[in-house]
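Here are a few exercises to work through with the coordinates open. Try each task before reading its solution.

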Amino acid sequence: MAGASKNSRTAVTTHKFFCTCGGEVVMKTLCENGRIKNVAECSKCKRVERRPKDFK
């Protein structure tokens, strides 16, 4: 049985994360000491975490 290829099954979905204060969490890329670092920051209270899941 031939199924659909994995590339045809990909669906573009965006998931919005929200902080406990009610602000939206956005991902930011910082360059510190020559290294690229991705961090999640709340737009309302400016709280910074490593991943958006850490805001819960």
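The exercises below concern a predicted model.

**Exercise 1.** Find which residues make up the largest nonpolar core.

*Solution.* Start with the members: Cys19, Val25, Ala40, Cys42 and Phe55 make up this core of 5 residues. Next, look around valine 25. Leaving out residues up to four places away in sequence, valine 25 touches Phe17, Phe18, Cys19, Ala40, Glu41, Cys42, Pro52 and Phe55.

**Exercise 2.** Decide whether glutamate 41 is buried or exposed, and find which side chain it meets in a salt bridge.

*Solution.* Then check its accessibility. The cut-off for buried is under 20% relative accessible area, so glutamate 41, at 14%, counts as buried. Now look for the partner: the side chain of lysine 28 forms a salt bridge with glutamate 41, at 2.8 Å from N to O. Lysine 28 belongs to strand S2 (residues 24-32) and glutamate 41 to strand S3, so the pair ties together parts that are 13 residues apart in sequence.

**Exercise 3.** How many salt bridges does the structure hold? Describe the ones made by arginine 47 and arginine 51.

*Solution.* The count is 3. Arginine 47 pairs with glutamate 49, their closest N and O atoms being 3.2 Å apart. Here arginine 47 is partly exposed at 29%, and glutamate 49 is partly exposed at 24%. Arginine 51 pairs with aspartate 54, with 3.5 Å between the closest N and O atoms. Arginine 51 is partly exposed at 38%, and aspartate 54 is partly exposed at 27%.

Definitions and conventions
Residues numbered from 1 in each chain as written. Predicted model: local features only at pLDDT ≥ 70, side-chain atom pairs only at ≥ 80, totals over all residues. Heavy atoms only, no water. Core = buried A, V, L, I, M, F, W, Y, C linked by side-chain atoms within 4.5 Å. Buried < 20%, exposed > 50% of the residue type's maximum accessible area, 1.4 Å probe, protein only. Contact = heavy atoms within 4.5 Å. Salt bridge = Lys/Arg side-chain N within 4 Å of Asp/Glu carboxyl O. Helix = DSSP H or I, 4+ residues; strand = E, 2+ residues; numbered from the N terminus.
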